Number of protein chains: 2
Amino acid sequence: MRGALSAGRRRTLRERLHVVVLAGGAGERFWPRSRRHHPKPLLAVADGKSLLAATLDRAHRMTTPDHVWIVCGHEHAAALRREARLPASRVLVEPVRRNTAMAAGWAAARIAAIDPEAVLVTLAADHRVPDSAAFARACLRGARAADEAGALVTLGIRPTRPETGYGYIRVGAAAGPGFPGLHRVRRFVEKPDSARAKRFLREGGFLWNAGIFIWTARALLGEIERCAPELALALRPLRSAPRGVASPRVLASAYRRAPAQPIDVAVLEKSRHVWTLPVSFRWSDVGTWASLAEELGLSRAGTVTLGGPALFEQSAGNLVWSDGRPVVLFGVEGLAVVDAGDALLVARLARSGDLRRVVEALRHSGQEDLT
Amino acid sequence: MRGALSAGRRRTLRERLHVVVLAGGAGERFWPRSRRHHPKPLLAVADGKSLLAATLDRAHRMTTPDHVWIVCGHEHAAALRREARLPASRVLVEPVRRNTAMAAGWAAARIAAIDPEAVLVTLAADHRVPDSAAFARACLRGARAADEAGALVTLGIRPTRPETGYGYIRVGAAAGPGFPGLHRVRRFVEKPDSARAKRFLREGGFLWNAGIFIWTARALLGEIERCAPELALALRPLRSAPRGVASPRVLASAYRRAPAQPIDVAVLEKSRHVWTLPVSFRWSDVGTWASLAEELGLSRAGTVTLGGPALFEQSAGNLVWSDGRPVVLFGVEGLAVVDAGDALLVARLARSGDLRRVVEALRHSGQEDLT
């Protein structure tokens, strides 16, 4: 079919656009609602939809359902595939976790084998972007730049607060007259402390690195060859597999030798062809119960409720997720109260970034079945 | 049988001793573990036993099971009787609530009709006294004074802290050479503010009024005649019922006209024959989740657990009552987390004295079935 098309007109950008959804994380910071076999992308916190379903909705604004892919671990594959309603052929199941560089690289290799002209929008399964129209417009604009200039494009979110939980992008010179709004990336900045984050916001020229990447498969694989030789070596047998489908043995061997690095560190920080498109839509990585609460509009005086009924007396600033049974708060503030049916969490929202410790403690105390 | 006995030797004090357990309250401050049909005396917080069962254990140290009585409201009668394993004849079911003066008066009238020489230990169903041996010894000592001197005896707990949640007894002169340790009551003091409570503790001569009363049926009924004519009038048809068993119609009529007053206010504060026996055993009225937590040994650093399993990380000073499903606390302090299966409460312990508001709010919002 590709042959038939390429013999006629060149396919449009949208016809060559694929969305790669990275769903590698477990989301232990959302215990007890996220579990080993029920990872964070399945959390139904996006107006009743799961984060994954909302991500796929955004993907479908850019491309057809048959151009959507998921990369995930084997322990989550069945559940994620069910939720995404994808055929097994478009769920790339990693035999072990190797962070996003290998995940994005494998997806590029796999898709390039069947669509060498593919343009890939690579993003996380578990972020929240309420304005999907603005999101799709920005991705398509980035895709045009990636397609025409061969750049690795990362969307950069204009910061609205001195957030210390995100990495930043230092904006460089304009990309050029053909690409209005796009800029070169001067450098990537690790999560800053509070003082630096405030300075970034004051000085301007810094964007949040949202992990939304747009590149052609060809450009990414080329930059991997140049910037990340170890990764390139691991990917080689996958690239040469017929139609990109490697045997389990070949896949396992490739993953064993792959470095475990984020794609930012492995490639983007080293490449000279990285651009950014500053955008202003609301975005969150929904990293903790606290940030979820904020995303859902928690105010100091208010309370955010998910699931079943809740009643509040002399209480404010809490997030409640009931399992159907009524939850009553009395005289409490700043808590996450999460009932998952078989376990209940009461946590201070401000400390929810450390919730992993609870999961570890449960495992140490022989209650792994709850994690 | 009584005739046969009285024709022979006079019965001993212990043979004439009855225990009257007042179980009139609902205990809304223990929601969601106490409910309309599951009142506070049924809470299983006394080493796995209910408060009522522990109270009956103490009663059985003083007298035989057939001399134990319960006075309660009709909405709780079935559940309390089941827990106490008492025959219906010894469960005095009040048609409406009229506070403790009427409850104690009716019990005295009922028991006097079948045992005119009865000595009554009248106490609450839902207090906690860990040392039942000391408790029984004190009651028997008080019973001897009540029996021999006709006094209305109230046990007075030596205060261990400037508690503002209890009424106090101002100790008067020694009762007399025949009754070492017993004192006249100079006056009853309403719950004091913090400054007064501290002064009471500093000056000495003040005891907590624990609502543990010892009198002969005859003396109480006599003092009711003298000090509480309205109450006496209400009791008259009950006293003249054959063997003290009034018809439902007579009972309802008596209760309709009875004043709703505590026995302290209706009689003890007015009588000139009130004595107190200062005691030092540990006692609590277990009035709130906070006082229950304290009774169960909650320290600032610790956590008290009832019911199922619980896990704590970076948390202290909490009371957890699980319904079997694990409860996990993370980074929280000073909370009551109470899972009752069909409803969950998360409350600040320090505010648990106002928990009634939650029950009211549930009723106002049409969720009376949860109360």
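**View 1. Helix α3 of chain A passes helix α4 of chain A in a right-handed crossing.** A crossing is called right-handed if the near helix is turned clockwise from the far one by less than a right angle, and left-handed if anticlockwise. Helices (H or I, at least four residues) and strands (E, at least two) are DSSP runs, numbered from the N terminus. The axes of α3(A), residues 51–60, and α4(A), residues 74–84, come within 9 Å and cross at roughly 50 degrees. Because of that angle, α3(A) is oblique to α4(A). Angles under 35 degrees count as roughly parallel, over 145 as roughly antiparallel, 65 to 115 as roughly perpendicular, and the rest as oblique. Axes are lines fitted to C-alpha atoms, for helices over the stretch in contact, and angles run from 0 to 180 degrees between N-to-C directions. On α3(A) the contact is made by A:Leu52, A:Ala53 and A:Leu56, and on α4(A) by A:Leu80, A:Glu83 and A:Ala84. Two residues are in contact if their C-beta atoms, placed from the backbone, lie within 7 Å. By class, this contact has five nonpolar, no polar and one charged residues. Ala, Val, Leu, Ile, Met, Phe, Trp, Tyr, Cys and Pro count as nonpolar, Asp, Glu, Lys and Arg as charged, and the others, Gly among them, as polar.

This is a predicted model, in which local features need pLDDT of at least 70 and side-chain atom pairs count only at pLDDT 80 or more, while totals for chains, interfaces and linings use all residues. Residues are numbered from 1 along each chain as its sequence is written, and chains are lettered from A and ligands numbered from 1 in the order in which they are written.

**View 2. A cis peptide bond joins A:Trp31 and A:Pro32.** Its omega is near 5 degrees. A:Pro32 lies in the loop between β1 (17–23) and α3 of chain A. In chain B, the bond from B:Trp31 to B:Pro32 is also cis, with omega about 5 degrees. B:Pro32 is in the loop between β1 (17–23) and α3 (51–60) of chain B.

**View 3. A:Asn99 has a positive phi.** The value is near 65 degrees, in a residue other than glycine. A:Asn99 is found in helix α5 of chain A, residues 99–114.

**View 4. Chain A is assigned domain 1 (2–279) and domain 2 (289–370).** Domain bounds come from an automatic or database domain assignment. Taken over C-alpha atoms, the centres of the two domains of chain A are 30 Å apart. Domain 1 of chain A gives eight residues to the contact, and domain 2 of chain A gives 16. On the domain 1 side, the residues divide into four nonpolar, no polar and four charged.

**View 5. Chain A and chain B touch through 30 residues of chain A and 30 residues of chain B.** On the chain A side, the elements that give two or more residues are β11 (310–313), β13 (327–330), β14 (335–339), β15 (344–348) and α13 (356–364). β15(A) gives the most, with five residues. The residues of the chain A side divide into 19 nonpolar, four polar and seven charged.

**View 6. An open sheet of six strands has the order β10(A)-β12(A)-β14(A)-β15(A)-β13(B)-β11(B), with mixed pairing.** Two strands pair if DSSP finds at least two bridges between them. The edge strands are β10 (303–307) of chain A and β11 (310–313) of chain B, each of which pairs on one side only. From one strand to the next, the twist averages 10 degrees. β15(A) and β13 (residues 327–330) of chain B pair in the parallel sense over four bridges. Within that pair, A:Leu345 stands opposite B:Val328. α13(A) packs on the sheet and touches β11 and β13 of chain B. The direction of α13(A) makes about 135 degrees with that of β11(B).

**View 7. Another open sheet of six strands has the order β11(A)-β13(A)-β15(B)-β14(B)-β12(B)-β10(B), with mixed pairing.** β11 of chain A and β10 (303–307) of chain B are the edge strands, each pairing on one side only. The twist averages 10 degrees from one strand to the next. β13(A) pairs with β15 (residues 344–348) of chain B in the parallel sense, over four bridges. A:Val328 stands opposite B:Leu345, and the bridge partner of A:Val327 is B:Leu344. Helix α13 of chain B, residues 356–364, packs on the sheet, touching β11 and β13 of chain A.
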